[in-house]
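Please have a look at the sequence and the structure first.

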Amino acid sequence: MASPVPRIFVLTGAGISAESGLGTFRDRGGLWARFDPMRLATPEAFAADPDTVLDFYNWRRRNALAAEPNPAHRALARAQARAAEAGGHLFLCTQNVDDLHERGGAGAVVHMHGELLKARCTGCGHAFGRRDDILRAQPCPHCARTGTLRPDIVWFGEMPMHLEAIDAALTRADLFVSIGTSGSVYPAAGYAAQARTLGIRTCELNLEPSDNAGLFDETRYGPASEVVPAFFAGYGLG
Ligand code: OAD
């Protein structure tokens, strides 16, 4: 017998953390309106000026650690738990590099653009938890080389993480929910179209219509802290 609770694929973006005080990228006054991503978020920028790149991510890490999850993060975590209890599943895929989903109570979170609270060694590939600033003089705890540590973040021109697991989850879903993302960075920006091709119902929850708004069967516009709890309550997952 089919599960009465759908298998839900949720994609989140910076908009879900906006009310926690973390800036989005492309809104007016957003991070990429104030800073040039080509000088801060590419492997070439890191090679040319590692201190500036590390400073930028050290600043963002401190901001993320000071932020608190908001009602949207908590509602999603609740929906994930309720879906599992009821025999369904909520796959939570985020483009965000903060840990507010986890601190809001979510179980499994797939960070396709990496995590601010992890560092990685460009020498040996070792990745590890890092809550403090990453400094150039700090040796890799695995291979002991110095000058090789970087944030474990996906930069422009690099391959997002966990793509196989994401693809498999999207293929199995019967409801696709996009929350707080402008739909401008691929591959995530292509998931709504992919879901439609697969015959999956698509929903957008956002402050305002995104670039992909035309691809959604259902849309709810307003602050995430209001529309996300209301949306999942409507599915009996509140
Ligand atoms: P964007 O800044 O592109 O889009 C943020 C979206 O959130 C917009 O559609 C806003 O309308 C919406 N928004 C703002 N405040 C909101 C609120 N209170 N409630 C609900 N929605 C709100 O951010 P992303 O789509 O996440 O990648 O950007 C995708 C990727 O681009 C990021 O992961 C990052 C960036 O470059 C990397 O750094 C690799």
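This is a predicted model: local features need pLDDT of at least 70, side-chain atom pairs count only at pLDDT 80 or more; totals for chains, interfaces and linings use all residues.

Let me begin with two helices, α5 (residues 71-85) and α9 (residues 224-234), whose axes come within 7 Å and cross at roughly 20 degrees. Helices here are DSSP runs of H or I with at least four residues, strands are runs of E with at least two, and both are numbered from the N terminus. The axes are lines fitted to C-alpha atoms, for helices over the stretch in contact, and the angles run from 0 to 180 degrees between N-to-C directions.

Residues are numbered from 1 along each chain as its sequence is written, and side-chain values use heavy atoms, with hydrogens and water left out.

Angles under 35 degrees count as roughly parallel, over 145 as roughly antiparallel, 65 to 115 as roughly perpendicular and the rest as oblique, and α5 and α9 are therefore roughly parallel to each other. Where they touch, with contact meaning heavy atoms within 4.5 Å, P71, A72, A75, L76 and A79 of α5 meet A224, S225, V228, P229 and F232 of α9.

Turning to the whole protein, an automatic or database domain assignment divides it into domain 1 (1-22 + 70-113 + 158-238) and domain 2 (25-66 + 116-153). Their centres, taken over C-alpha atoms, are 26 Å apart, and the contact takes 12 residues from domain 1 and 13 residues from domain 2.

The peptide bond from Y186 to P187 is cis, with omega near 10 degrees, and P187 sits in the loop between β7 (175-179) and α8 (191-197). A144, in the loop between β5 (127-129) and β6 (149-153), has a positive phi, near 70 degrees.
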